[in-house]
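Me: I want to learn how to read a model like this one. Where do we start?

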Amino acid sequence: MRNRDLIGFAGGAILGHRLRSGLTALGIAVGITAVVLLTSIGEGIHRFVLAEFTQFGTNLIAVMPGKTETLGISAATISNVRPLSLNDSAALGRLPGVIAAVPVVQGNAPVESSGRSRRTMVLGVGSEMPAVWSMGVAAGRFLPADDPRAPRAYAVLGKTLYTELFGDRSALGQRVRVGGDRYRVIGVMAPKGQFLGFDLDDAVYIPTAKALALFNRESLMEIDLLYREDASVDALVKQVHQRLLDRHGFEDFTIVTQQQMLDILGSVLDVLTFAVGALGGVSLFVGGVGILTIMTIAVRERTGEIGLLRAIGARRGQVLQLFLLEALLLAVLGGLAGVGLALGITGLLKLLAPALPVYPSPGYALLALLLAMVVGLISGVLPARRAAALQPLEALRAE
Amino acid sequence: MICLRSACRDYLMGTQTVHALDGVDLDVEAGEYVAITGPSGSGKSTLLHIIGLLDRLSQGSYELDGDDVTHLSDDELALVRCETIGFVFQFFHLVPRLSAAANVELPLILGGIAAGEREERVQAVLQSFGLADRADHRPDQLSGGQRQRVAIARAMVTKPAILLADEPTGNLDRSSGKEVIHILETLNSDGLTLLVVTHDPELSARANRRLHIVDGAITKDERGAG
């Protein structure tokens, strides 16, 4: 029997029961739609979260004091941990491949200006922070590259803080008090939005040395390094490690690369996508049971036809092929309809709710289609085997 | 052509064994016209199914065209059925969703014949049975006689050596029945070996040879005009 004739015959059998075939294919279509739609949403969330985390740039290395294996914050009093100092930061900044190093201290303090006061986040940072964190200055300029140990008392306001303190008046050149000390405002940052609950717009940026003094701290909280695009992360991490080891004597620091964080995040999000995909798979399974049911009924109904085919010379294998192919065709029809439907719905979602992170991935759609075919084949095996096992005589008598 | 020796076919009905065929010896030469008669349950249909390789012997041997087909595998039997034997059934057994032409085409499709040749052969055989204008009709749009003619066309399209008909007129009115018998006899006169199972004494009387079966054994084997 030729392949084209096989397909023709199986297709004819499907078209012979339009309503029933349509409904069966619909079962698969719904399953595939669910799989594609849910994985699209999973993929959308994946991309959304990654974008959220990479808004500060991707070529980042963070160095934190203390070895994280010790769990928790190292007690500064009896610690043999040397704090991360401004000198460490400067030393790391000089490593080849490193574009900029930003020493970071963070805390809370009241910020006052002309009778208005607001308790807000204070970030002690270096002059290169805008480049490293991919942030922009809306007005004025950012902190100048002063001597890191004796910087001038300049402050840069986040967008929200600026609006709260100054309304729509210009803040440039105005004086503010941060935790009692006086600063001159030299710039206002462009809005950046929230990140994991931190409102980066409701903050004031002052030189790191000033912030260390303000919070009475010896150690930086973190040193952020921006490295060149073409630099090897692993080599760079080794260099950072060696440089700090030379300076501290032993390993009392932790190095985290943005890439590591993204990898971990990525694998978590992959699990999420897979999980929602599996949820869709449940409905696909139901669709498969639908095919199984219909094909079982079809075999019973068409027992006479099977007997006749066998009587006029069809081999068992041919009968098996015919019914398997019929199940497969049903599944493919349903699968194609499902993918189409899912793409339609995601298109509609993008139009109606652009904020919703939906991202249909062709890979998943293709996978879903393959899955539909596998489901069709598996669902078809049992009925097709039953059909092939029928004795021609019994099958003929059944009518 | 057909050579059965001590042919037995036993069925298990519950705990009882039924001897549907009980030691049948039968020789049929090529081109013969044989009518098989007998009461219900006598085993005449079983004999036809055995000859048509739709059923297997429990004991004994069966030679078809000089080849022992007693122990052929399932697929080999299918091949012999496809090439050598045509069937006509009482209830036609046409596939309801297919047109007359498509029904006739089925054995050729199963045989893997190319589409162009199939078309020609189907057209030719429909033409010769007067069905050319019914080619695109589905079975439910055909009369009983036309359906049986389509079934005969389907059986003959592979040019078999033997045609087995199980009550071919059993489901037809008299005039359609006559028409069908006429077609079968014409085919026989062209050299086809024809075996017909029937209840109808008028029909069996027309055959050159009449087998009467009772309880799985041949009780009468008459030759010549009835």
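Reply: Start with a definition. Buried means under 20% relative accessible area, exposed over 50%, and partly exposed in between. Keep in mind that this is a predicted model.

Me: Apply that to B:Arg138. Is B:Arg138 buried, exposed or partly exposed?
Reply: B:Arg138 has 36% relative accessibility, so it counts as partly exposed. Its salt-bridge partner is B:Asp140, with the closest N and O atoms 3.9 Å apart. B:Asp140 is exposed, because its relative accessible area is 53%.

Me: How should I read a salt bridge in general?
Reply: Side chains of opposite charge can pair when their charged atoms come close. Over all chains, the structure holds 27 salt bridges.

Me: Which residue forms a salt bridge with B:Asp55?
Reply: The partner is B:Arg9, and the closest N and O atoms are 3.0 Å apart. B:Asp55 sits in the loop between α1 (44-51) and β4 (59-64) of chain B, while B:Arg9 sits in strand β1 (residues 2-13) of chain B, so the pair ties together parts 46 residues apart in sequence.

Me: Why does B:Asp55 count as buried?
Reply: B:Asp55 counts as buried because its relative accessibility is 11%. B:Arg9 counts as buried too, at 16%.

Me: What does B:Arg56 pair with?
Reply: The side chain of B:Arg56 meets that of B:Asp74 in a salt bridge, at 3.9 Å from N to O. B:Asp74 lies in helix α2 (residues 74-84) of chain B and B:Arg56 in the loop between α1 and β4 of chain B, so this pair ties together parts 18 residues apart in sequence. B:Arg56 counts as partly exposed, at 33% relative accessibility.

Me: Now the interface. How do I judge its size?
Reply: The size of an interface is often given as the accessible area lost when the parts come together. Chain A and chain B bury about 2,300 Å² between them. Of that area, 60% is on carbon and sulfur atoms. A:Leu308, A:Ile312 and A:Leu393 supply 25% of the area that chain A buries against chain B, more than any other three residues.

Me: How many residues of each chain are in contact with the other?
Reply: 25 residues of chain A are in contact with 24 residues of chain B.

Me: How many salt bridges does the rule find across the interface of chain A and chain B?
Reply: Four. One example is A:Asp5 with B:Arg118, where the closest N and O atoms are 2.6 Å apart.

Me: Which elements of chain A give two or more residues to the side that touches chain B?
Reply: They are α1 (3-16), α9 (303-311), α10 (316-352) and α12 (392-397) of chain A. The largest share, six residues, comes from α9(A). By type, the side of chain A that touches chain B divides into eleven nonpolar, five polar and nine charged residues.

Me: Let us turn to single residues. Where does A:Thr24 lie?
Reply: A:Thr24 is in helix α2 (residues 18-53) of chain A. At 6% relative accessibility, A:Thr24 counts as buried. A polar atom of its side chain lies 2.7 Å from the backbone oxygen of A:Arg20. Leaving aside neighbours within four places in sequence, A:Thr24 is in contact with A:Gly290, A:Ile291, A:Ile294 and A:Leu330.

Me: What does A:Ser379 contact, beyond neighbours within four places in sequence?
Reply: A:Ser379 is in contact with A:Gly288, A:Ile291 and A:Leu292. A:Ser379 lies in helix α11 (residues 362-389) of chain A. It counts as buried, at 7% relative accessibility. How far can I trust the coordinates?
Reply: Where pLDDT is low, the predicted coordinates should not be read in detail. The mean pLDDT of chain A is 86, and 95% of its residues reach 70 or more. Within chain A, confidence is lowest in strand β8 (residues 194-195), at a mean of 70, and highest in strand β5 (residues 154-157), at 94. Over residues 74-78 of chain A the pLDDT is below 50. Beyond near neighbours in sequence, that stretch has two contacts in the model.

Technical notes
Residues are numbered from 1 along each chain as its sequence is written. Chains are lettered from A and ligands numbered from 1 in the order in which they are written. This is a predicted model: local features need pLDDT of at least 70, side-chain atom pairs count only at pLDDT 80 or more; totals for chains, interfaces and linings use all residues. Side-chain values use heavy atoms; hydrogens and water are left out. Helices (H or I, at least four residues) and strands (E, at least two) are DSSP runs, numbered from the N terminus. Buried means under 20% relative accessible area, exposed over 50%, partly exposed in between (1.4 Å probe, protein chains only). Contact means heavy atoms within 4.5 Å. A polar contact is a pair of N or O atoms within 3.5 Å; within protein, one must be able to donate a hydrogen and the other to accept it, and residues adjacent in sequence count only if both atoms are side-chain atoms. Buried area is the accessible area (1.4 Å probe) that two parts lose on being put together, summed over both. Ala, Val, Leu, Ile, Met, Phe, Trp, Tyr, Cys and Pro count as nonpolar, Asp, Glu, Lys and Arg as charged, and the others, Gly among them, as polar. pLDDT is the predictor's confidence in each residue, from 0 to 100.
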